[in-house]
Amino acid sequence: MPAGRRSSDTLALHGDLTVRTIAKVHKKLAAAFAGASELRIDLSDAKEVDLTLVQLIHSVRRSAQMHGKSIRLAQPLPGAIMSELMRGGFLDTDDKFWTSAG
């Protein structure tokens, strides 16, 4: 493992996670993703969410897979995020990422 890279890390995202704040969230995710081979995302303190958060996490997941890294949720998702997942068509019965914490 290269110097400075952690094997795993948890990133807590809190507050409003919407189109208004997604640029800041993206920077936090990119920095955490670059520094760890396994990243756990904690959304337990998310207040307001919209589909941009779901799309960003989906994109980070795809990037992680291409780079041999792992992205997981720290705990089951709050109801507001589950609603956005359903609204955006992200709940696939074959993909357990959104419905299981690891």
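The following questions and answers examine a predicted model of one protein chain.

Student: What radius of gyration does the protein chain have, and which value would a compact globule have?

Tutor: The C-alpha trace spans about 40 × 30 × 20 Å along its principal axes. For 102 residues, a compact globule would have a radius of gyration near 13 Å. The protein chain agrees with this expectation, since its own value is 13 Å.

Student: What percentage of the contacts with a separation of 6 or more join residues 24 or more positions apart?

Tutor: Of the 102 residues in the protein chain, 39% are buried. Among contacts with a separation of 6 or more, the share that joins residues 24 or more positions apart is 82%.

Student: How many Å apart are the end C-alpha atoms of helix 2, and what span should its residues have?

Tutor: Helix 2 covers residues 51-66, which is 16 residues. At 1.5 Å a residue, helix 2 should span 22 Å.

Student: Which residues of helix 2 are buried, and against which elements do they pack?

Tutor: An α-helix has 3.6 residues a turn, so residues three or four places apart point the same way. In helix 2 the buried residues are T52, L53, V54, L56, I57, V60, R61 and A64. They pack against strand 2, helix 1, strand 3, strand 4, strand 5 and helix 3.

Student: Which residue with a positive phi follows helix 2?

Tutor: The phi of this residue is near 70°. The residue that follows helix 2 is G68.

Student: Are helix 2 and helix 3 roughly parallel or roughly perpendicular to each other?

Tutor: Two packed helices are described by the angle between their axes and the distance between the axes. The axes of helix 2 and helix 3 come within 9 Å and cross at roughly 80°. Angles of 65 to 115 degrees count as roughly perpendicular. Helix 2 and helix 3 are therefore roughly perpendicular.

Student: Which residues form the contact of helix 2 with helix 3, and how many are nonpolar?

Tutor: From helix 2, L51, L53 and V54 take part, and they meet I81, E84, L85, R87 and G88 in helix 3. The residues of this contact include 1 polar and 2 charged. The number of nonpolar residues is 5.

Student: Is T18 buried or exposed?

Tutor: T18 lies in the loop between strand 2 and helix 1. Beyond its neighbours within four places in sequence, T18 is in contact with E48, V49, D50 and T52. Buried means under 20% relative accessible area. At 1% relative accessibility, T18 is therefore buried.

Student: Is P76 buried or exposed?

Tutor: P76 is located in the loop between strand 5 and helix 3. P76 and S100 are 24 residues apart in sequence, yet their C-alpha atoms are 6.1 Å apart in space. A residue counts as exposed over 50% relative accessible area. Because the value for P76 is 61%, P76 is exposed.

Student: With which residues is A101 in contact, leaving aside its neighbours within four places in sequence?

Tutor: A101 belongs to the segment after helix 3 and is partly exposed, at 39% relative accessibility. From A101 to M66 there are 35 residues in sequence and 21 Å in space, C-alpha to C-alpha. The residues in contact with A101 are L73, A74, Q75 and P76.

Key
Residues are numbered from 1 along each chain as its sequence is written. This is a predicted model: local features need pLDDT of at least 70, side-chain atom pairs count only at pLDDT 80 or more; totals for chains, interfaces and linings use all residues. Side-chain values use heavy atoms; hydrogens and water are left out. Helices (H or I, at least four residues) and strands (E, at least two) are DSSP runs, numbered from the N terminus. The expected span of a helix is 1.5 Å times one less than its number of residues. Buried means under 20% relative accessible area, exposed over 50%, partly exposed in between (1.4 Å probe, protein chains only). Contact means heavy atoms within 4.5 Å. Axes are lines fitted to C-alpha atoms, for helices over the stretch in contact, and angles run from 0 to 180 degrees between N-to-C directions. Angles under 35 degrees count as roughly parallel, over 145 as roughly antiparallel, 65 to 115 as roughly perpendicular and the rest as oblique. Ala, Val, Leu, Ile, Met, Phe, Trp, Tyr, Cys and Pro count as nonpolar, Asp, Glu, Lys and Arg as charged, and the others, Gly among them, as polar. The radius of gyration is taken over C-alpha atoms; the globule rule is 2.2 Å times the number of residues to the power 0.38.
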